[in-house]
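Here are my notes for someone opening this one up for the first time. Have a look at it yourself, then go through the points below.

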Amino acid sequence: MIDKIKEYIGEAQSFSTENKEELEAFRIKFLGKKGILNDFFAEFKNVPNDQKKEFGQFTNALKNAAEEKVKSIVETLESKEETKGVFGDLTRAAEPVLIGSRHPISIVKNQIIDIFANIGFNVSEGPEIEDDWHNFTALNLPEYHPARDMQDTFFIQTNPDVLLRTHTSSVQVRYMENHKPPIRTISPGRVFRNEAISSRSHCIFHQVEGLYIDKDVSFADLKQTLLYFTKEMFGKSKIRLRPSYFPFTEPSAEIDIYWGLKTETDYRITKGTGWLEIGGCGMVDPNVLKNCDINPDEYNGFAFGMGVERIAMLLYQIGDIRMFYENDVRFLEQFKANI
Ligand code: DAH
């Protein structure tokens with residue numbers, strides 16, 4: 001008889017379920033009116049006296065085991081129900097989390113910043129609403145200078161001294177006014193020109209300006225810096241510096257990179273040549289240094305300005321510049337992987 005009770009104790013202790021009905025069946029089997037325990041209690045009177053003590057102890061042990069088991073399973077089932085109520089089913093398969101994407105212009109701008117940061121350039125910024133001095137005059141473009149016509153300017157109201165900056169070169173001036181050489185800075189930002197909108201040009205776009213001022217800076221330094229940049233940015237090392245004219249640099253050049261003609265978009269963006277102009281550059285004109293209180297006999301340097309949209313169009317094969325400003329989520333969502 002004792003062995004039988006021991007067997008039941010083992011069964012009660014090893015019982016487990018997550019199901020309420022099974023638990024109730026277990027309770028009835030052991031603790032119910034017609035259950036095992038009551039059978040043993042009824043049997044008590046027939047047990048020989050010398051065995052009564054042991055029999056009583058084991059029956060009580062079985063009772064405790066069965067009661068504890070029921071209690072602990074009820075507790076776990078209840079706590080599961082509570083969590084379900086607050087958090088839903090925690091064992092449910094996860095739903096995909098929708099993440100946003102960065103704008104392609106921001107992605108490319110950040111890449112440019114990282115590349116120049118690696119060779120010691122810091123980042124500087126200036127206002128989008130500028131005055132005549134910073135956007136034109138200090139950059140060696142005095143009033144009535146014909147080169148002002150190159151940049152169709154949006155003036156604010158009727159005050160010709162307040163305008164939307166036409167290039168980020170204005171930040172060069174601000175930076176030189178406030179910092180002494182050596183200077184190594186890049187200035188990313190939005191610029192504005194009163195131009196007809198087409199697939200290749202827009203009235204709002206982005207530039208990154210670069211400025212390097214120190215002693216004995218040469219045109220070779222400029223070329224190497226641009227080569228380093230194009231290698232890092234595009235994995236290509238074929239660039240072309242075409243002689244050009246900017247009032248704020250002397251000599252000046254236009255920067256072209258050789259991209260190739262693999263796709264139809266390459267043809268469209270490079271006008272079928274494989275070459276794309278990504279910006280301008282040159283040795284900073286001594287007049288600009290003078291305007292910013294830097295002695296041109298002691299210091300010289302180079303500057304460059306690049307269009308961010310052009311670079312992004314090439315990298316992501318975007319055939320129409322207007323896509324950047326339409327905020328079409330179907331377009332923007334394609335850049336999720338590039339964050
Ligand atoms: N500011 C010029 C533009 O918007 C680009 C440029 C050319 C910037 C030569 C420079 C430079 O710093 O040296 O077309």
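1. Let's begin with Asp293, which counts as exposed at 66% relative accessibility (exposed means over 50% relative accessible area, buried under 20%, partly exposed in between, with a 1.4 Å probe and protein chains only). Asp293 has a positive phi of about 65° although it is not a glycine. You'll find Asp293 in the loop between helix 10 (286-291) and strand 9 (300-307); helices are DSSP runs of H or I with at least four residues, strands are runs of E with at least two, and both are numbered from the N terminus.

2. Before going on, keep in mind that this is a predicted model, where local features need pLDDT of at least 70, side-chain atom pairs count only at pLDDT 80 or more, and totals for chains, interfaces and linings use all residues. Residues are numbered from 1 along each chain as its sequence is written, and side-chain values use heavy atoms, with hydrogens and water left out.

3. Asp216 is another one to click on. Its phi is near 55°, a positive value in a residue other than glycine. Asp216 sits in the loop between strand 5 (204-214) and helix 8 (219-234), and it is exposed, with a relative accessible area of 74%.

4. Now for the cis peptide bonds. The one from Pro181 to Pro182 is cis, with omega near 5°, and Pro182 belongs to the loop between helix 7 (169-178) and strand 4 (183-192). The bond from Glu250 to Pro251 is also cis, with omega near -5°, but Pro251 is placed in strand 7 (residues 249-258).

5. Stepping back, the chain has 12 helices and 9 strands. Its radius of gyration is 40 Å, well over the 20 Å that the globule rule gives for 339 residues, so the chain is more spread out than a compact globule. That radius is taken over C-alpha atoms, and the rule is 2.2 Å times the number of residues to the power 0.38. Along the principal axes, the C-alpha atoms fill a box of roughly 125 × 45 × 45 Å.

6. How much of the chain is buried? Of its 339 residues, 42% count as buried. As for contacts (heavy atoms within 4.5 Å), residues 24 or more positions apart account for 68% of those with a separation of 6 or more.
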